[in-house]
Amino acid sequence: NLAVNLINGFSSAVTLPGDIKIANKNGNLQVENKINKNNSKWEYPLKKLNFLTEIDTNIIIKVITFSEYQKLKSESGQNVTGAFDFDKLPQKSVIRNRKPGDKFTLPFRNITKSIKKLFSELKIPENLRNRIPLIACENEIVWIDNIGVSKNYIPSKDTEKIAIIYKEPISI
């Protein structure tokens with residue numbers, strides 16, 4: 001009876017024995033283990049090669065010159081979305097998943113939004129939000145996977161070193 005109410009939209013979420021939560025989010029049925037959700041925070045110092053075992057992904061950062069970046073852009077015929085001004089990157093930057101209070105300045109706009117609001121507007125399912133890697137310095141977000149680079153870190157003609165971000169699945 002609980003499942004029928006959930007599917008028909010009469011209730012939004014049900015918690016089952018064993019801390020299993022079933023929710024109706026925008027017409028999609030989501031199953032979540034609440035125990036795993038509590039242990040899902042991860043953070044590492046930012047390096048050239050980042051092994052993110054929590055999400056089975058490697059994030060590789062290659063630092064190149066502005067002229068190499070221009071050549072890369074012209075060869076690919078499109079903007080490299082995973083590129084940021086390496087010279088502006090604070091030394092204590094980390095690669096991690098989201099935290100409360102995170103803010104992101106949207107590229108090509110003068111709008112800063114909370115990550116929570118941005119993920120909600122982009123309709124990213126809640127069960128995937130803690131799996132999205134970010135480059136951050138405290139609560140300022142530099143880069144979000146599949147979203148892009150903060151306006152504050154977009155390379156310009158004055159940029160000397162540019163960091164290019166590559167992502168690949170961890171092979172076992």
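Contact here means heavy atoms within 4.5 Å. By that criterion, I59 touches K48, L49, N50, L52, I95, P133, W143, I165, Y166 and K167, leaving aside residues up to four places away in sequence. The model is predicted. Its protein chain holds five helices and 14 strands.

**Nonpolar cores**
- The largest nonpolar core has 15 residues. Within this core, I59, F84, I135 and I165 touch the most other members.
- Three strands each supply at least two residues of this core: β6 (57–65), β12 (140–144) and β14 (161–169).

**An open four-strand sheet**
- The strand order is β5-β6-β14-β7, with antiparallel pairing.
- β5 (49–52) and β7 (83–85) are the edge strands. Each has a single partner strand, so one side of each lacks a neighbour in the sheet.
- On average, neighbouring strands of this sheet are turned by 25° against each other, direction ignored.
- Three bridges join β7 and β14 in the antiparallel sense. D85 has I162 in β14 as its bridge partner.

**Whole-chain figures**
- The protein chain has 172 residues, and 36% of them are buried.
- Take the contacts between residues at least 6 apart in sequence: 60% of these join residues at least 24 apart.

Definitions and conventions: Residues are numbered from 1 along each chain as its sequence is written. This is a predicted model: local features need pLDDT of at least 70, side-chain atom pairs count only at pLDDT 80 or more; totals for chains, interfaces and linings use all residues. Side-chain values use heavy atoms; hydrogens and water are left out. A nonpolar core is a set of buried Ala, Val, Leu, Ile, Met, Phe, Trp, Tyr and Cys residues joined through side-chain atoms within 4.5 Å. Buried means under 20% relative accessible area, exposed over 50%, partly exposed in between (1.4 Å probe, protein chains only). Two strands pair if DSSP finds at least two bridges between them. Axes are lines fitted to C-alpha atoms, for helices over the stretch in contact, and angles run from 0 to 180 degrees between N-to-C directions.
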